[in-house]
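Q: Hi, I'm new to this one. Could you walk me through a few spots in it?
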Amino acid sequence: MNDHGSVVFSPAHPPGFRARRGLNWGFIGLLYTSFYLCRYNFPIANKAISDEFHFSKEQMGWIITTQLLAYACGQIINGLLADRLGGKKAMLIGAAGTIVMNILFGVASFWGMLGLFMVIRGIDGYLQAFGAPGMVKINAAWFSQRERGRFAGIFGFMINLGRFGIFKLGPALLAGFLFLGMWQVPPLHWRWLFWVPSIICAVVATGMALTVKETPEAAGFHGVHAGEDDHADTDVRSQFGVVFKTIVRNPVVWIVALAYACTGAVRQGVDQWFPRYMQEAHHLDLNSAQFQWLGFLIPFVASAGSLISGYISDTVFKGRRAPVAAGLFFLETTVILLAAQFSTANAAVVFLVLISLTANSTHSILGTAAAMDIGGRKMAGFASGVIDSFQYFGGSLAGYFLGELLDRSWGNYFYFMAPFGVIGGLLMLTIRGRIATASHAEPRQK
């Protein structure tokens with residue numbers, strides 16, 4: 001027995017632990033899924049907003065870039081706050097914020113001012129940035145070091161569930177649908193793409209607030225990860241100064257972060273623009289067969305890639321994320337360059353799906369698994385925040401800069417993405433022998 005009156009278990013998981021962790025993760029994952037409903041509604045609304053208010057692609061890119069830069073800066077600030085406040089509070093702050101901002105974005109449609117859209121979406125980006133550090137913070141305590149790659153795969157699945165949800169819900173709201181086979185819902189204004197996800201997020205956040213425990217110890221499970229240095233101290237809170245110095249002085253953090261910026265440029269290039277690309281470059285509407293296949297296949301293969309790459313990095317590479325990420329980056333570049341050589345809608349579907357597969361695989365193992373490896377349960381929030389911020393610094397290039405290129409020609413679309421795969425792969429090769437779970441240890445060569 002320990003001081004808490006609970007039995008201290010061996011490293012094997014005690015009875016009921018997996019079920020409780022699954023319940024915990026279920027609500028956390030669903031809440032983060034709802035964050036994505038409130039984030040990826042904009043790509044679906046992109047053309048409708050542009051048509052209604054006569055905004056150019058460059059101007060629409062300013063809205064995208066504002067949100068992504070605010071999200072990136074928020075990741076750094078909120079990562080520190082999550083390590084101090086705890087992951088659960090951080091996620092709930094983010095949920096409350098994105099609910100309010102999405103409602104206001106819909107309301108702003110009555111004025112149609114570009115600056116107002118930018119401000120609201122920017123604030124939303126900052127507040128949504130509480131979500132990922134909070135989620136990573138909680139789960140760093142619940143998962144052992146050799147389970148985190150697989151957890152990252154599950155995390156990727158929940159992200160892609162959100163993307164799948166909005167890619168299906170969005171066109172239905174714009175075109176009208178039959179609800180429960182009984183009530184015909186007429187076509188709605190694009191503002192409902194922001195209001196409906198807010199309602200869903202509010203319901204899930206309430207369930208998360210009532211259900212989730214921040215650590216195994218808070219749920220009555222003690223010593224579940226005994227023998228792991230990362231879990232030796234069961235406290236999950238840490239001082240700002242200690243966290244900041246430890247993470248900032250770790251060179252691996254910055255290499256992973258720079259590679260993650262490359263992931264962000266490609267991932268956001270696809271996610272923010274593919275609906276409009278299909279609408280304008282291939283003259284298809286959101287209810288076309290090709291778009292429906294994209295709405296299903298992009299999240300599906302992204303989830304599969306996240307799960308498989310996480311499992312491989314855990315098992316075949318014994319927790320080393322860099323070799324797996326390097327291979328994915330170089331494969332991504334090959335696929336992107338091939339995509340630029342074809343001009344049919346069906347070919348676009350195939351290549352967009354394959355690009356999403358590679359980009360989302362590196363997204364999960366670098367931004368989630370590697371961040372938990374480096375930061376541990378006490379500093380995972382800030383490690384995640386710093387690394388994830390660079391994804392959105394890189395992704396911000398897919399807003400204004402890519403929008404300006406697309407105003408000239410859609411032929412620039414794939415060539416914009418290609419260099420980032422090469423750079424990301426080369427960066428990962430510099431740390432290919434690093435055992436990521438030993439964040440303060442010396443690198444070990446293969």
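A: Happy to. First a term: exposed means over 50% relative accessible area, buried under 20%, and partly exposed in between (1.4 Å probe, protein chains only). Also, this is a predicted model, where local features need pLDDT of at least 70. Residues are numbered from 1 along each chain as its sequence is written.

Q: Is His54 buried or exposed?
A: His54 counts as exposed because its relative accessibility is 68%.

Q: And where is His54 found?
A: His54 lies in the loop between helix 2 (41–53) and helix 3 (57–85); helices here are DSSP runs (H or I, at least four residues), numbered from the N terminus. Its phi is near 60 degrees, a positive value in a residue other than glycine.

Q: What about phi of His283?
A: Phi of His283 is near 55 degrees, again positive in a residue other than glycine. His283 sits in the loop between helix 10 (251–280) and helix 11 (289–315), and with a relative accessible area of 67% it is exposed.

Q: Switching topic: at what angle do helix 1 and helix 4 pack?
A: Helix 1 (residues 17–37) and helix 4 (residues 87–107) pack at about 30 degrees, their axes 11 Å apart. Axes are lines fitted to C-alpha atoms over the stretch in contact, and angles run from 0 to 180 degrees between N-to-C directions.

Q: Which residues make the contact?
A: Helix 1 brings Ile28, Leu31, Tyr32 and Phe35, while helix 4 brings Met91, Gly94 and Ala95. Contact means heavy atoms within 4.5 Å.

Conventions:
Predicted model: local features only at pLDDT ≥ 70, side-chain atom pairs only at ≥ 80, totals over all residues. Heavy atoms only, no water. Helix = DSSP H or I, 4+ residues; strand = E, 2+ residues; numbered from the N terminus.
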